[in-house]
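Have the model open as you read.

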Amino acid sequence: RCIAVWEGTDLNKLKGHGYAIKLDEEDGYGARFQHWGMQPLNYGNQYLGVLLVSSEWGPNPRLYLTSSSDGRTWRHVMRWQEFIPLGGEGRWNGEVNCLTINAPIKIGQRIFFYYTGRTSSRVGNAINRPGVAIFKQDRFAGYIANRGGSVLTRPVEIVGPQLDVNFSCIWGELRVEIREA
């Protein structure tokens, strides 16, 4: 299973544009991971998508964050880091999390993503319950370096008088290099 992009003036005149995110070698070309659905939404000058992915390691699909600049070609934001993690065995959202059909709601500086969580059927009857994941505006993803590492960005135009970096560095240090174009 894979997510494809189709566009048209009505449902009878759709044209395929290919896969939104291709299943690649890391996915086992569909043998290890499959894309079951994606909910796209406009966010600022880009699109975000919450991708529902199933894996060979169990029956529990998981939610991952994707992004696109054009709504056709999508990429993983933090590959294999769950966007809204499952709650664990016996928890109210321990088996499956699925986004609701509505777009997230912005209230002040926070974004509310509503979803449905389901208890594990291994501990009794599976029950669906509503949940909400609350994120600070523009704080959907982060980089975690357990043993050090580096991040190299594409060229970024800095228009203000300073560059602010949001980070927490318990062990080690943060170094930033700025080069002129």
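Are F83 and F135 buried or exposed? F83 is buried, and F135 is buried as well, where buried means under 20% relative accessible area, exposed means over 50%, and partly exposed lies in between (1.4 Å probe, protein chains only).

1. **Ground rules.** This is a predicted model, in which local features need pLDDT of at least 70 and side-chain atom pairs count only at pLDDT 80 or more, while totals for chains, interfaces and linings use all residues. Residues are numbered from 1 along each chain as its sequence is written, and side-chain values use heavy atoms, with hydrogens and water left out.

2. **Overall make-up.** The protein has ten strands and zero helices, so its pattern along the sequence reads β-β-β-β-β-β-β-β-β-β; these are DSSP runs numbered from the N terminus (strands: E, at least two residues; helices: H or I, at least four). Of its 181 residues, 28% are buried. The exposed surface comes to about 13,300 Å², with carbon and sulfur atoms supplying 50% of it; the areas come from the Shrake-Rupley method with a 1.4 Å probe, and for residues only the protein chains shown count as cover.

3. **Contacts along the chain.** Contact here means heavy atoms within 4.5 Å. Among contacts between residues at least 6 apart in sequence, 39% join residues at least 24 apart.

4. **Aromatic pairs.** The structure holds six of them. Rings of Phe, Tyr and Trp (its six-membered ring) pair if their centres lie within 6.5 Å; planes under 30 degrees apart count as stacked, over 60 as edge-to-face and the rest as tilted. F33 and W80 are stacked, because their ring centres are 4.3 Å apart and their planes are at 20°. This pair links distant parts of the chain, 47 residues apart: F33 sits in strand β3 (residues 33-43), and W80 in the loop between β6 (75-76) and β7 (96-99). F33 is buried at 7% relative accessible area, whereas W80 is partly exposed at 29%. Together with Y64, F33 and W80 form one aromatic cluster.

5. **Back to the opening pair.** The rings of F83 and F135 have centres 4.8 Å apart and planes at 5°, so they are stacked too. F83 lies in the loop between β6 and β7 and F135 in strand β10 (residues 128-136), 52 residues apart.

6. L41 stands opposite L48 in β4. Two residues lie between the strands of this hairpin, and G44 in the turn has a positive phi of about 60°.

7. **Nonpolar cores.** A nonpolar core is a set of buried Ala, Val, Leu, Ile, Met, Phe, Trp, Tyr and Cys residues joined through side-chain atoms within 4.5 Å. The largest has 16 residues, and F83, I84, L99, F113 and F140 have the most contacts inside it. Two or more residues each come from β3, β4, β5 (58-68), β9 (110-118) and β10. Another core, of nine residues, lies apart from it and includes F33, L51, Y64 and W74.

8. **W92.** Which loop holds W92? W92 is in the one between β6 and β7, and is partly exposed at 28% relative accessibility. Its C-alpha atom is separated by 4.6 Å from that of T119, 27 residues apart along the chain. Leaving aside neighbours within four places in sequence, the contacts of W92 include Y115, R118, I127 and P130.

Note on methods:
Pairing = 2+ DSSP bridges.
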